[in-house]
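Thanks for coming. Please have the structure open while I talk.

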Amino acid sequence: MLTVFSIVLPDVPQAAGIWLALLTVAVIVVAALIVRPDRFRSVVSDRISEAAMPSSLELAEEAREVARERARYAQEVEVAATRAAATAERRRAEWLAAQEEVEEVWRAYEAAEEDVRRLAAAATLPLPRTARTPAEYADRERWLHRAALDAQWRKEITVEQLSDILGHLGWDPRRHPVEQELLLRRLIRDNLRARQRAAREREQAAWQAAELAAAAARSLRDEAYVATCPAPEPQSPLSIVDFAAAEATGDLSATGRHAEIPSVARGRAAVPAY
């Protein structure tokens, strides 16, 4: 027993001195944290911010990746804008063709209407008297069939209407050729009127399609222009901190003219908020 105490007791003052030194350091640190907490907070936050910030290599690689993505996106938008422009040109050509068709059918309708008015005026006059013989009726029938065939060849009447005329469905071949021609011209006029309405509807649809295609082409062209513009450089966090510190320093200097600013307030103003 005496041997153990004789070994341990000489080291007790040294251990007590070490513990006393550690306790003194702890007391100093706690007192400093209580008196000046902003100083230690700023140091810790600065070290944490520096550790969280990406390195220069990472920033450079991220910038290159962003540049590659922007270049790829700009190329895709440029291709889409080119295709949209080609589509817009095609739609515009279709609309112009439909407009020309409307004008052509309208001119044909006006000519048919003029023929109907002329024949209607002629039909009011007394018709020449002819012998009502089988040969006369056969001639009238041949004339009607020939006029109907010519009208169908000129696309003025449909195949179904030609079939009705040749089958005498609603048509009397024994009537005078003047009356037959008036009825045939009225049928042609009605067909041209219906054709003009259909052409007008197609022209309106083609115009709307051309307007939509042109708007899409303009939108893609603007988007392609924006995509080819250089991207704005991202603002560094250090510049944000410097700007905040400069602004806070300016505010403090303006306020310091009237009242003294405590040191704690100056330390907080220099640290940015995260």
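Start with helix α5, which covers residues 134–153. This helix has 20 residues, and from its first C-alpha to its last it reaches 28 Å, close to the 28 Å expected at 1.5 Å a residue. Keep in mind that what you see is a predicted model.

Some context on the whole chain. The protein has 274 residues, and buried residues make up 19% of them. Its secondary structure comes to 9 helices and 0 strands. Of the contacts with a separation of 6 or more, 76% are between residues 24 or more positions apart.

Back to α5. Which of its residues are buried? They are E136, R140, L144, H145, A147, A148 and A151. The cover over these buried residues includes α6, residues 159–166, and α7, residues 177–228. After α5 comes K155, which has a positive phi, near 65°.

Now the pairing with α6. In general, two packed helices are described by the angle between their axes and the distance between the axes. For α5 and α6 the angle is about 175°, and the axes are 10 Å apart. The cut-off for roughly antiparallel is over 145 degrees, so α5 is roughly antiparallel to α6.

Who meets whom there? From α5 we have L144, H145, A148, L149 and Q152, and from α6 the partners are V159, L162, I165 and L166. Sorted by class, this contact has 7 nonpolar residues, 2 polar ones and no charged ones.

Next, the largest nonpolar core, which has 14 residues. Which of its residues touch the most other members? The answer is I157, I165, W171, L184 and I188. Four helices, α4 (56–123), α5, α6 and α7, each supply at least two residues of this core. A151 is one of the buried residues of α5.

Last, a residue of another kind. L212 is found in helix α7. Is L212 buried or exposed? Its relative accessibility is 64%, so L212 counts as exposed. The C-alpha atoms of L212 and A88 are separated by 8.2 Å, while the two residues are 124 apart along the chain.

That is the end of the talk.

Technical notes
Residues numbered from 1 in each chain as written. Predicted model: local features only at pLDDT ≥ 70, side-chain atom pairs only at ≥ 80, totals over all residues. Heavy atoms only, no water. Expected span 1.5 Å × (residues − 1). Buried < 20%, exposed > 50% of the residue type's maximum accessible area, 1.4 Å probe, protein only. Contact = heavy atoms within 4.5 Å. Core = buried A, V, L, I, M, F, W, Y, C linked by side-chain atoms within 4.5 Å. Axes fitted to C-alpha atoms, helices over the stretch in contact; angles between N-to-C directions. Parallel < 35°, antiparallel > 145°, perpendicular 65-115°, else oblique. Nonpolar A, V, L, I, M, F, W, Y, C, P; charged D, E, K, R; others polar.
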